[in-house]
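Here is a short briefing on two sites in one protein chain. Please look over the model before reading the notes.

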Amino acid sequence: GLEEGAKNQFSTFSNFITTINQKKEDIGNRNSPTQLVIPNIKNGRDPPALCLDVRQKQRMSMDSLPQELKAPIPPEPSPPIRTKTVKDFQDDMEKSKASGDWKAVHNFYSTTFDSFLEINAAFKKDTNSPFNTIEDSGIDAKFVNVVYDALLNTPQDVQKSVLKGIINGLLQEWTGPRTKDDLRAYCILLQNPQFSNTSTYVIYAHLLRQIAALTEADHHFLVHWSKKISQKRFKQVVDRLLQFISLRLFPAKPEEFPPMVKCTWWIPSATKVLALFNAANSLISPPIISYTDFYNSTLDHIDLMEEYHNWQCYGNSHRFSFCQYPFIISIAAKKVIIQRDSEQQMISIARQSLVDKVSRRQKPDMNMLFLNVKVRRTHLVSDSLDELARKKADLKKKLKVTFVGEAGLDMGGLTKEWFLLLIRQIFHPDYGMFTYHKDSQCHWFSSFKCDNYSEFRLVGALMGLAVYNSITLDIRFPPCCYKKLLSPPIVPCDHNALVGICGVTLDDLFQIMPELAHGLSELLSYEGNVEEDFYSTFQVFQEEFGVIKSYNLKPNGDKIPVTNRNRKEYVQLYVDFLLNRSIYKQFAAFYYGFHSVCASYALLLLRPEEVEILVCGSPELDMSALQRSTQYEGYQKTDPTIRYFWDVVLGFSLDLQKKLLHFATGSDRVPVGGMADLNFKISRSETSTNWLPVAHTCFNQLCLPPYKNKKELRQKLIIGISNAEGFGLE
């Protein structure tokens, strides 16, 4: 009914607007378009436009109209008094089910949802209290849940009466500024399970449109009230919004919905409302649901690069793009955006090199199109860092690795091998750049001072190269590192601006130095006299090359005792010192190195957790998933050799499974899209069964001779994967 209209009512409405516009022109009002206060058309079938564009943050009130057009604002009607309790409602439901007479239940639903006032009268904990704070919405959540749980089990006429009431409520409440009772009604209506049905989507869309067009202040209240919703209901609302977006993009029955050109605001409105729930989820630690629950995998099938380019061109202006709301884009989709963005940069840089060469009348060389790294295995770290330092201008070209004295051609496999061996050596404790913490099983930056931090910059560039070239690394940095790496996500133009500094908490320290973090936590909860019992000051001590050095956490910190009153400040400054200040120069060099390769607006789309997944892949190996996605050449999946292979591999220890993955693909990490993204292939090798298996790591291909029994296959496979360094040509 919301999409159709009676011709005579539309004509009257048009005349009303025309009259007002003429009067405005007469008095010379040149202000921006104004939200008009429309008379209530409760029984009309063609309502006025429910709101302005979804990105509009504020709407003009009656004050913006000329004086002669202003009507006196009627007093707010007093809310009706409703006394029905959860017990009363449940009794009515039981009686209706037993007798088949649904009149009492029908009356309750049709009355309760007929207007925003009635919704508040039924579900507000105390109708006489304003509940105007963000801390308490005043909604009786238990009653709301009981009423909604019962709704889908009522007859169709009862359910239709609820939808009819919601339509009336949306039309009635559109005039005038929003009250907290209006916001409460929106919060309650969003939880209506009827909106999972596509037949209600027109009504649902108008509800979302009104909520999306609320002011920032109103959104602030909705965000804080939403975080109080139970996990189950919160997830249901999020899933409902995601389903709405998916079915509007790819409708199963297009005839169910109005044409896309007539409802272009549906998806932006739903996404904006979903952003409110994402904000609410982020306010709580731990969050109500995982950030991955906001992913919409349907978006993996749209033209993501068009979305990305629209966002780059128009930013957060009037043109909608899903990139404005990156929480909804899955990590797999973000990886595609980053890969294609990297490829375009590679092509652009290579083309520029070619043009420069030709313009100088020099003969083009294919090697100029690549970042060529030539290293000796015996001097891997020094050769690699020297090569990267000398070829800074080529870092954004396609990486190509050559091992001196080996005949392998780099189609991807040598690059993977280079990264794996190089990372293993750089992060070795003897190298001194990073400290390994056994309790947390992660590396952190060494705080030792030195004259030159260029090696940290080169390690950052190495990690950037891995992301840029879609290689996963076996790096064990804590989550805090990736948070710092995105602080800020785009390198500032001001070279004096601080980089790699982010807000850190005791939780971040727990992920690196759990024992120290536990001690600081004990200090915060200590019930005795902190000053007398601990005798500490705002000063920390660190050992550097066998010498104990002291650092003040604040000016004159060595003279300021830690007390019960200032211990929170002490802990916060201590954590900030360990994770920010003491390693600032090291991390800043690392930050600039990473962004020298990965400078891209696509980083704005990523969460710290997603950067970690892009860099490291997933350490979780699911060999059953690999078995399901494996392709075969010269074999059938039912052949004895293949059955022997999977029996052996599925029985391997985790260490041997990692060795197999490294042997066949050049890396023991799982890419973002899971095992299926490996495109793993097993080919038949027409060689003697006395031979060991051979791998083509560039193509993730394992060549397997037709071994006659499981014992022989297991023996040869273990020998092959355990002695897998070095390359040759067949």
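Strand β9 and strand β10 (residues 701-704) run antiparallel and are joined by three bridges. Two strands count as paired if DSSP finds at least two bridges between them. This is a predicted model: local features need pLDDT of at least 70, side-chain atom pairs need 80 or more, and totals for chains, interfaces and linings use all residues. Residues are numbered from 1 along each chain as its sequence is written, and side-chain values use heavy atoms, without hydrogens and water.

**The sheet**
- H696 stands opposite Q701 in β10.
- β9 and β10 belong to an open sheet of four strands, ordered β7-β8-β10-β9, with mixed pairing.
- β7 (631-633) and β9 (694-696) are the edge strands, each pairing on one side only.
- Helices (H or I, at least four residues) and strands (E, at least two) are DSSP runs, numbered from the N terminus.

**The helix on the sheet**
- Helix α26 (residues 654-665) packs on the sheet and touches β9 and β10.
- Contact means heavy atoms within 4.5 Å.
- The direction of α26 makes about 60 degrees with that of β9.
- Axes are lines fitted to C-alpha atoms, for helices over the stretch in contact; angles run from 0 to 180 degrees between N-to-C directions.

**N296**
- N296 lies in the loop between α11 (266-282) and α12 (304-314).
- N296 counts as buried because its relative accessibility is 3%; the cut-off is under 20% relative accessible area (1.4 Å probe, protein chains only).
- Beyond neighbours within four places in sequence, N296 contacts L242, I245, S246 and I328.
- L242 is 54 residues from N296 in sequence, yet 6.3 Å away in space, C-alpha to C-alpha.

Notes. Buried < 20%, exposed > 50% of the residue type's maximum accessible area, 1.4 Å probe, protein only.
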